[in-house]
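Work through these exercises with the structure open. Each task is followed by a worked solution.

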Amino acid sequence: MISSLSDLSVLHLLLHSALTAAGLSLAYFFVRLYQVRTHVRKLSRKYDVKLMPHSFFWGHLQVLGECMADIPPDVYGSYLPGQLVKRFPELNEGLYYIDSWPFQDPMIAVLEPDMVAQFTVETSMPKAPGVADEFRPLTGATDILCLEGQEWKRWRTMFNPAFSLRNLSAMIPKIVKEGLALRDVLMNATASGDVFEMEHATSRFGMDVVGHIVLGHDLGTQKTPHPTMVALRRQIGLLGYGFWLKHYNPMTYIRGWQNHAMMDAEFIPMIKRYFSPLAEKESFKTIISLAQNWYTENAGKKDADKNVFRDLLPQLKILMIAGYETTGIALAFAYHHLAINPKVLEALRKEHDEVLGPVDQVADAMIANPSLVNQLPYTTGVIKESLRMHPPVSTIRDGSRTKFLVNGQGKKFPTEGFRLLSSTYDFQTTETVWHRGKEFLPERWVVRDERNPLYHGPHTKNSFRPFEMGPRACLGQELAMMDMRIALALTTREFDFTDAYPADAPKMDGSPCYNAQLDGELTAHCSLRCPVKISLRTA
Ligand code: HEM
């Protein structure tokens, strides 16, 4: 209740400040709106860029809304460029300029793989600022995925040895152990006969493997939820480029603080343990052990003086996320395609029979002879098809005044003021690049005859980039491929998989199984998390 004149003047001051702040924000909004819209139109006129119908107030928001209206609401944004091609084929010059400000910065969706190589391989353009904004609540944007220049290079050089083939081979017993735990989870699912969300199981498998290589720790999430990983997953729910309303909610910060406290309470002792002279080390290099070596060797030098926990914790968190989600998603999609393509499952089992020997000895065979894991071309084809049809992530870089993209017809396109998005899903599935691109055909990866239309040779070298290419390509790609080969080797000969999408599930391109934006998730997950039924193999 207002009890005095001074209360009234405080109230007046508060009201006045609030109105001033609102007025300034509104003024900023309109100035920015004017700048963005005129920039888009000016560039389009100057360089003869074909633009989709562009409203001065809405930009392309109305057009985008119309394009997405006919598809399931949870479809991931990676399908958008394909929708634009369907709706505006005459404007397709290998890219689309998209102005969806204020929801996102203006963007160029690049559909020609050779043009993507121009900003990732020929010149590795910096990551778009939105990437750092997205990960800031997790790592303060000081992690290997967001950093640039020398700071990025220091971590990349430090961590590379963990992902060498030699180190990964030394890790095989741990991956096999986690693969057997996945097998147990699937075995339990056969007992109930219930519909099973495959992605939950494969993500935990991915997490446990990454726990070994990053932390040198057995997280055991396939058996029991691990508190640190629960906190990590909760924190993912607070990230997200474009979901900026979250950042105005004070609870985001309180929850974030709690999640970090939970994670750090586990990670810091793990780091301390490795940094102690008496530490018992793994037989392979882990991210923490490589950091410990680096800090010891560089003691007294500039970067090594930094606070090791503040420096290293963001790296551990980003590596855990980068590693487990993507692998879990790709593997779940692979199981779905095995469930609906019995001939592919049969061919996969045949390869395992021939290369890996009897089912009951497969784990021992891979441990005794790690090179077997790299002698599975058809299995690798199954995984690559899953990654081709369902890439979980794609890169987004920053354009610049001096960077122009050139399409197949030699036309130049400016990039200043735009983010550059690789339309990976689109060019990895389009028929003009991939023969029968919408079909799951692992044999395309083993075809050697150049006359076969399925042949994937040097002419398509830029068109398969689930791990991206160039200096910022995925650090963990060999590990991911190895994980998935081992998981399939340990599970597909013992179980049958039956697709369990409900008959009325929404469909994208005719399939209920598509890349979806799920609540609280960052990357492109499996719609409904890939429901399957699992039973013991009958034939
Ligand atoms: C199927 C599994 C995976 C896929 C599809 C995938 C995909 C990608 C892609 C597309 C990028 C580039 C992102 C960008 O440009 O913004 C990337 C970067 C990265 N990935 Fe992966 N990834 C997978 C597994 C892993 C694993 C297992 C790890 C490590 C444990 C890992 C660690 C990283 C790191 C650290 C980067 C940043 C590299 C840098 O900027 O130097 N990834 N990944």
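**Exercise 1.** Find the handedness of the crossing of helix 12 and helix 17.

Solution. The model is predicted: local features need pLDDT of at least 70, side-chain atom pairs count only at pLDDT 80 or more, and totals for chains, interfaces and linings use all residues. Residues are numbered from 1 along each chain as its sequence is written.

- Step 1. Locate helix 12 at residues 308-340 and helix 17 at residues 477-491. Helices here are DSSP runs (H or I, at least four residues), and strands are E runs of at least two, numbered from the N terminus.
- Step 2. The axes, lines fitted to C-alpha atoms over the stretch in contact, are 10 Å apart at about 40°.
- Step 3. The crossing is right-handed (the near helix is turned clockwise from the far one by less than a right angle).

**Exercise 2.** Decide whether Asp509 and Cys530 are buried or exposed.

Solution. Buried means 20 or more other C-beta atoms within 10 Å, exposed 12 or fewer, with C-beta atoms placed from the backbone.

- Step 1. Asp509 sits in the loop between strand 8 (495-499) and strand 9 (515-516). Its phi is positive, about 50°, although Asp509 is not a glycine. Asp509 has 12 other C-beta atoms within 10 Å, so it is exposed.
- Step 2. Cys530 is in the loop between strand 10 (525-526) and strand 11 (531-536). Its phi is also positive, about 60°. Cys530 has 29 other C-beta atoms within 10 Å, so it is buried.

Methods
Axes fitted to C-alpha atoms, helices over the stretch in contact; angles between N-to-C directions.
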